[in-house]
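Open your viewer and get ready to click along. We will go from strand to strand and then over to the helices, one selection at a time.

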Amino acid sequence: MNKNLAICTGGNRGIGSAIVDKLHELGYLVATIHNDYSQANGNGDFQFIGDISSPEDIDRFYEMISQQTQGFELNLLVNNAGIATAKKFQNLGVEDFLGMFRVNVLGVFMMSQEFVKRCKKGDNKSISSRIINISSVSGLKGFSGHAHYCASKFALNGMMQVMAKELSKLGLA
């Protein structure tokens with residue numbers, strides 16, 4: 001039996017659900033975290049309903065998978081969860097902007113930091129773990145009505161470049 005464990009944020013529907021299906025095909029046990037209470041019966045082996053922009057929910061999620069997946073090696077994080085809304089620049093409020101960044105950037109940051117900490121603990125001396133961050137063409141080009149979304153994806157792409165440089169030195173990529 002394959003002992004590989006993957007995490008997929010937002011793995012309950014859409015692209016995330018397809019990612020979970022593919023990870024299952026590849027032999028992974030999959031843990032998901034999402035905030036859609038109506039989709040509590042997604043296709044992940046271990047599901048947690050929570051908010052990736054909440055440090056407390058992230059802690060509870062990682063503790064849950066730690067307790068329920070003993071004997072499995074945590075070696076893949078797919079940061080898929082994200083939000084997108086359309087609103088003209090002049091109509092954007094501060095909360096619109098901050099809300100987008102909380103999920104699309106801060107959530108990825110916190111999920112990834114905790115993943116790195118946990119991959120470096122215990123018997124996992126030779127880290128062969130990977131982080132995959134899902135972005136968008138909106139992180140390369142601005143689109144009318146999406147200033148806050150584009151800004152969050154530009155920020156995510158910049159953070160990913162730094163993560164790649166720094167984490168590759170630890171054996172993560």
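Select β2 and β3 to begin: these two strands run parallel and are joined by 4 bridges. Remember as you look that this is a predicted model. Click on Ala31, and then find its bridge partner in β3, which is Phe46.

Stay with β3 and show its side chains. Phe46 and Phe48 make up its covered face, while Gln47 and Ile49 are on the uncovered one. In a regular strand, side chains alternate between the two faces of the sheet.

Now widen the view to the whole sheet. It is an open sheet of 5 strands, ordered β3-β2-β1-β4-β5, and the pairing is parallel. Which strands are at the edges? They are β3 (46-49) and β5 (130-133), each of which pairs on one side only. From one strand to the next, the twist averages 15°.

Next, select β1 (residues 4-9) together with β4 (residues 73-79), a parallel pair with 5 bridges. Here Cys8 stands opposite Val78 in β4. Look for Leu77, which stands opposite Ile131 in β5.

Time for the helices. Select α2 (residues 55-68), which lies across β1, β2 (29-34), β3 and β4. Compare its direction with that of β3: α2 runs at about 160° to this strand.

Then move to α4, a helix of 22 residues. At 1.5 Å a residue it should span 32 Å, and its end C-alpha atoms are 31 Å apart, so the two values agree. Colour its buried residues, which include His148, Tyr149, Leu156, Met159 and Met163. What covers them includes α3 (94-119) and β5.

Finish at Lys153, which lies in α4 (residues 147-168). Is Lys153 buried or exposed? Lys153 is buried, yet it has no salt bridge. A salt bridge would need a carboxyl oxygen within 4 Å of its side-chain nitrogen, but the nearest side chain of opposite charge, Asp51, is 14 Å away. Leaving aside residues up to four places away in sequence, Lys153 touches Asn104, Ile134, Ser135, Ser136, Ser138 and Gly139. Select those neighbours to see what surrounds Lys153.

How values were computed
Residues numbered from 1 in each chain as written. Predicted model: local features only at pLDDT ≥ 70, side-chain atom pairs only at ≥ 80, totals over all residues. Heavy atoms only, no water. Buried < 20%, exposed > 50% of the residue type's maximum accessible area, 1.4 Å probe, protein only. Lys, Arg positive; Asp, Glu negative; His and termini not counted. Contact = heavy atoms within 4.5 Å. Pairing = 2+ DSSP bridges. Axes fitted to C-alpha atoms, helices over the stretch in contact; angles between N-to-C directions. Expected span 1.5 Å × (residues − 1).
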